[in-house]
Amino acid sequence: MSSVRFKVVLKGNEQEEGSNTDSLTLTFKSILSSNIIKIPSHYISSLKSMSEHNENIISFQNLKEVIMIGDLSRDYIINYYIVILYSMKSEDERNGFLIANIKKVGDGLVGIWPFNEETEYFNEDYINQKFNDFVNHQDKYKNLVIINPN
């Protein structure tokens with residue numbers, strides 16, 4: 001398994017007195033391999049659209065930067081990143097995906113959170129099923145957050 005990590009830096013609330021605006025970070029474990037798990041773009045656009053009418057789905061621009069820690073076996077040209085965080089109503093656990101828009105590939109899953117998440121079941125079918133569930137069964141989720149770049 002890859003030792004590459006992605007440190008996602010989110011903008012802090014600059015209005016809070018004494019706040020360190022760079023202190024909000026999430027570290028994602030890379031799942032990049034020779035086969036990129038593609039995310040159909042209609043899933044992301046559907047979730048963003050649904051956030052306008054569903055209080056459990058929140059979409060906002062707060063992603064400041066993504067820092068790759070380690071070296072990938074292959075160079076990718078990444079246009080931008082999107083973070084999706086979610087928690088199910090039946091569980092207290094929070095999970096997340098780091099999606100990158102990769103030149104000549106499109107949107108692909110590049111990282112998972114929390115850091116200790118098992119990765120052996122992550123394949124294109126599982127991810128498509130998960131995103132289909134986000135869109136069609138959002139009532140299963142307490143929170144679904146889409147964090148976009150500025």
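1. **The loop with Pro 114.** Start at Pro 114, which sits in the loop between β7 and α2. The peptide bond joining Trp 113 to Pro 114 is cis, with omega at about 10°. Bear in mind that this is a predicted model.

2. **A positive phi at Lys 104.** Another loop deserves a look, the one between β6 and β7, where Lys 104 lies. Phi of Lys 104 is near 70°. That is a positive value in a residue other than glycine. Lys 104 counts as exposed, because its relative accessibility is 83%.

3. Asn 101 belongs to strand β6. Is Asn 101 buried or exposed? Its relative accessibility is 14%, so Asn 101 counts as buried. Two side-chain polar contacts are worth checking here. One joins Asn 101 to Asp 107 at 3.0 Å. Another joins Asn 101 to Asn 79 at 2.7 Å.

4. **What surrounds Asn 101.** Neighbours within four places in sequence are set aside here. Asn 101 is then in contact with Ile 77, Ile 78, Asn 79, Tyr 80, Gly 106 and Asp 107. Asn 101 and Tyr 81 are 20 residues apart along the chain, yet their C-alpha atoms are separated by 6.3 Å.

5. **Helix α1 and its buried face.** Helix α1 spans residues 41–50. Its buried residues are Tyr 43, Ile 44, Leu 47 and Met 50. Viewed down the axis of α1, these residues fall within an arc of 135°, so they line one face of the helix. What covers them? The cover includes the strands β4 (57–69), β5 (78–88), β6 (94–102), β7 (106–113) and β8 (141–149), together with α2.

6. **Aromatic rings.** How many aromatic pairs does a search of the whole structure find? The search finds 11. One of them is Phe 131 with Phe 134, an edge-to-face pair. The centres of these rings are 5.2 Å apart, with 75° between the planes. Phe 131 and Phe 134 are 3 residues apart in helix α2 (residues 124–136), so about one helical turn separates them. In general, an α-helix has 3.6 residues a turn, so residues three or four places apart point the same way. Both rings belong to buried residues. Phe 131 counts as buried at 1% relative accessibility, and Phe 134 counts as buried at 0%.

7. **One aromatic cluster.** Together with Tyr 43, Tyr 86, Phe 97, Phe 122, Tyr 126 and Tyr 141, they form one aromatic cluster.

8. **Lys 130, buried and without a salt bridge.** Lys 130 is found in helix α2. Lys 130 is buried, yet has no salt bridge. Which side chain of opposite charge is nearest to Lys 130? It is Asp 133, 5.2 Å away. A salt bridge would need a side-chain nitrogen within 4 Å of a carboxyl oxygen. Leaving aside neighbours within four places in sequence, Lys 130 is in contact with Tyr 86, Met 88, Phe 97 and Tyr 141. Tyr 86, Phe 97 and Tyr 141 are among the members of the aromatic cluster.

9. **Where Asp 133 does pair.** Asp 133 forms a salt bridge with Lys 140. The closest N and O atoms of that pair are 3.1 Å apart. At 13% relative accessibility, Asp 133 counts as buried. Lys 140 counts as partly exposed, at 39%.

10. **The salt bridge between Asp 92 and Lys 142.** The structure holds 2 salt bridges. Asp 92 and Lys 142 form one of them, with the closest N and O atoms 3.5 Å apart. Asp 92 lies in the loop between β5 and β6, and Lys 142 in strand β8, so the pair ties together parts that are 50 residues apart in sequence. Asp 92 counts as exposed, with 71% relative accessibility. Lys 142 is partly exposed, with a relative accessible area of 29%.

Conventions. Residues numbered from 1 in each chain as written. Predicted model: local features only at pLDDT ≥ 70, side-chain atom pairs only at ≥ 80, totals over all residues. Heavy atoms only, no water. Phe/Tyr/Trp six-rings, centres within 6.5 Å; stacked < 30°, edge-to-face > 60°. Helix = DSSP H or I, 4+ residues; strand = E, 2+ residues; numbered from the N terminus. Buried < 20%, exposed > 50% of the residue type's maximum accessible area, 1.4 Å probe, protein only. Arc of directions from axis to C-beta. Contact = heavy atoms within 4.5 Å. Lys, Arg positive; Asp, Glu negative; His and termini not counted. Polar contact = N/O pair within 3.5 Å; in protein donor to acceptor, adjacent residues only side chain to side chain.
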